[in-house]
Amino acid sequence: MRVVVIGAGNVGFTSAEALSKVHDVLIVEKDASKAENAKALLSASVLHEDGSNPKVIEAAIKRVDADIVLSAVPDDAHNLFICLMAKRIKPSITAVACLRDPDFMIGTSREGVDLLISPELVTAEKMERLAVLENAVAYDRISNMGVDLATFRVDEGGGLVGRVVLDIEKPPGCCVIAVYRGEEAILDNETAEIRAGDRIRVLGSPEAIDAFNRIVGVGKEAREFVVLGASAVGVEAARRLAAGGKRRVVKIIEDDEGLCRAAARELEGVAVVNGDFIDLSVLRSENVQRADAVIAASSMDERNLLACMAGLRFGIRKIVSKYSNREYEKIFLYAGVESIIGYHRVIHNEVTKNLVLDENAILAVESEDELFFSAAIGRRSPLAGARLGDIGMPAGVRVAAVRRGGAMIYPRMDTMLLEGDEALVFTHMADPVGLSRLFGRGAPTEL
């Protein structure tokens, strides 16, 4: 398909990067340096023009006979306008708007915008879930299949230490798909004995993920939360925490007085404090050290990193942070902050899940070497009619779940795969050749 991406900032660049692997992409960017950067780094055509100009929009759409226009300029109102203009120029085009302010998340219509993508809302949801799942260090949602993916750390003295995965009384509706031990990923893990320090990746329904979190062991239920930064992400995360239906104490600390006023007007059940959250005296005066979880959600990576380092100094058990600059991922991990959410990864996953229209639903996980994808099992598939245990799976490949007739099945070795099934496959450093042999065109182009 042919896609026009308006804007080559963080959102537009990452969107074009994901889409250009399977589609023909034309980027429109008015900033010369961003346009040159996109031209040098991406497999896409670049038009150095103002993408909010109706004449430019029309020229770009007609130049490639676009099937999709994705607008990702910094101004949300401009994004909606661009989509409306694209629809007027070519009514059959799929118009996608990337929005930062949740207030702009209006209903869609055929005459206006076909799809709204808000990385901020997705990031806030992930941060809220990580904060309330006491043992989780990573979380994702595969929304089109209605399942969650969480990675739990097993601490010394936890309820799973010394137990074999097969013997764990797992909640219905979930499965353990990988056990991580140092740099090793154990996918055939049924006979693996859990050790302190292991990380366990679990796929399942939201209810099953909550139940598995309790099985790992909850010494103290998370009830006190501090959000650092009243950005759109911070405000939405605080809103979700306060609306959790439990007796929770939620506080936002923000040094910008205007943002504090706006947050106070918008939020119910949340204390809003005007103060500099990288000032240790402010953190002490607000008793941040008592928090069960701290969320660093400002728009500046440097401030988030400093706030996380302060939280580590206070001995806070759960620290969750977002980052926008890809290079900061290793810095956060080196500092000891494990629960981090990369803005670029959120964008990549949202764009791919919604706009890679080749039967795959791809989710990039924590590592560049790991993917989830869905593959339809057709009549000619070598998997049709075979029991899972009899299939010679390539190294680093696991069928994590099977969707059959609207129901999600978590297969065992004696589960037979049928024509018409949709397999949800997890890969870790998988061999592309072996994967293509099994899934044909269903194998993701990412590999």
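**View 1. Charged side chains over aromatic rings.** In this predicted model, K322 lies over the face of Y343, at 5.8 Å from the ring centre, where a charge is taken to sit over a ring if NZ of Lys or CZ of Arg is within 6 Å of the ring centre and within 35 degrees of the ring normal. Residues are numbered from 1 along each chain as its sequence is written. Because the model is predicted, local features need pLDDT of at least 70 and side-chain atom pairs count only at pLDDT 80 or more, whereas totals for chains, interfaces and linings use all residues, and side-chain values use heavy atoms, with hydrogens and water left out.

**View 2. Aromatic pairs.** The whole structure holds five aromatic pairs, defined as rings of Phe, Tyr and Trp (its six-membered ring) with centres within 6.5 Å, planes under 30 degrees apart counting as stacked, over 60 as edge-to-face and the rest as tilted. F152 and F212 form a tilted pair, 5.5 Å centre to centre with 35° between the planes, and this pair links distant parts of the chain, F152 lying in strand β8 (residues 147-153) and F212 in helix α6 (residues 206-216), 60 residues apart; helices (H or I, at least four residues) and strands (E, at least two) are DSSP runs, numbered from the N terminus. Both F152 and F212 are buried, a term that means under 20% relative accessible area, with exposed over 50% and partly exposed in between (1.4 Å probe, protein chains only). F372 and F426 also form a tilted pair, at 5.0 Å centre to centre and 40° between the planes, which joins strand β19 (residues 370-376) to strand β22 (residues 422-428) across 54 residues. F372 counts as buried because its relative accessibility is 0%, and F426 likewise counts as buried at 0%. Elsewhere, Y323, Y328 and F332 form one aromatic cluster.

**View 3. Salt bridges between and within elements.** A search of the whole structure finds 31 salt bridges, each a side-chain nitrogen of Lys or Arg within 4 Å of a carboxyl oxygen of Asp or Glu. In one of them, E370 and R201 meet at 2.8 Å, N to O; E370 lies in strand β19 and R201 in strand β11 (residues 199-204), so the pair ties together parts that are 169 residues apart in sequence. Both E370 and R201 are buried. E236 forms a salt bridge with R239, with the closest N and O atoms 3.1 Å apart, and these residues are separated by about one helical turn because they are three residues apart in helix α7 (residues 232-242). E236 counts as buried at 10% relative accessibility, whereas R239, at 28%, is partly exposed. Salt bridges that share partners join E125, R129, R141, D148 and D210 into one network.

**View 4. Cysteines without a disulfide.** The whole structure contains zero disulfides, a disulfide being a pair of cysteine sulfur atoms within 2.5 Å. The sulfur of C83 is too far for a bond because the closest cysteine sulfur, in C98, is 8.4 Å away, and C83 is buried, with a relative accessible area of 0%. C174 is in no disulfide either, the nearest cysteine sulfur, that of C175, being 6.9 Å away; at 8% relative accessibility, C174 counts as buried.
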